[in-house]
Amino acid sequence: MRVLLVEDEPHIGSAVQEHVRAAGHAVDWVREIGAADDAMRTVPYDALLLDLHLPDGRGLDFLKKLRRRRDALAVVILTARDQVSDRIEGLKAGADDYLVKPFDLDEMNARLQAVARRYQGKAIPTIQLGPVELEPEARLARLNGTSVEVTAREWAVLDVLLRRPNSTVSKEAIEDALYAFGSEIESNAIEVYISRIRRKFGRDFIRTVRGLGYSLTG
Ligand code: CA
């Protein structure tokens, strides 16, 4: 999934971003409400991690505004230990869950995925594509019953392809998913990831549609 992190404390921000990424999600990190607002308008995020005390305003006011605009977004607020009233107000304003700083990063991932799942309806089922079995939610992959290690970036590519079954996905859409990891993308990055995935699951697993993009076969 694609996550927007709004946090002005550099240590917390980078630790959270790194940890959510390591779980295979794309994370954009901004430090102010203004930037968060811009990002929300242009990118279809699945989840928001929101600090409540930001340099240019209150996270709660931003959350209230967001909820008037859009409901289908998983929101977890990050609060300080002594701010009980913030938590209550946050939940009233439409947050799905909250974490009290300092929080355990694994717990954060678990909570984030749990609230995101509520919005996705039921968990994504296991997908069988020929000899390949994928469990995107649990980040598990098997080939002929044997588990296969798939990196976070490879999952990002697979997620884009899985979201559009039976259709061709443009290189730009895949590029966008990788770009969210915050690294610069080499011109041949897509080919590199596609060929890595093919090496793991077989040449025919991803079909190249010349001039248009890629599609999963199964
Ligand atoms: Ca803050």
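Two strands pair if DSSP finds at least two bridges between them. Strands (E, at least two residues) and helices (H or I, at least four) are DSSP runs, numbered from the N terminus. This is a predicted model: local features need pLDDT of at least 70, side-chain atom pairs count only at pLDDT 80 or more, and totals for chains, interfaces and linings use all residues. Residues are numbered from 1 along each chain as its sequence is written, and side-chain values use heavy atoms, with hydrogens and water left out.

Start with the sheet. Five strands form an open sheet in the order E2-E1-E3-E6-E7, with parallel pairing. Strands E2 (26–30) and E7 (97–100) are the edges, each pairing on one side only. From one strand to the next, the twist averages 20 degrees.

Now look at E1 (residues 2–6). E1 runs parallel to E2, joined by five bridges. Valine 6 stands opposite valine 30 in E2. Helix H2 (residues 33–42) lies across E1 and E2, at about 165 degrees to E1. Such angles run from 0 to 180 degrees between N-to-C directions; axes are lines fitted to C-alpha atoms, for helices over the stretch in contact. Contact means heavy atoms within 4.5 Å.

Next come two helices. H1 (residues 10–22) packs against H5 (residues 105–119) at an angle of about 60 degrees, with axes 10 Å apart. The contact uses Ala15, Val16, His19 and Val20 of H1, and Leu105, Asp106, Met108, Asn109 and Leu112 of H5. These residues divide into six nonpolar, two polar and one charged. Here Ala, Val, Leu, Ile, Met, Phe, Trp, Tyr, Cys and Pro count as nonpolar, Asp, Glu, Lys and Arg as charged, and the others, Gly among them, as polar.
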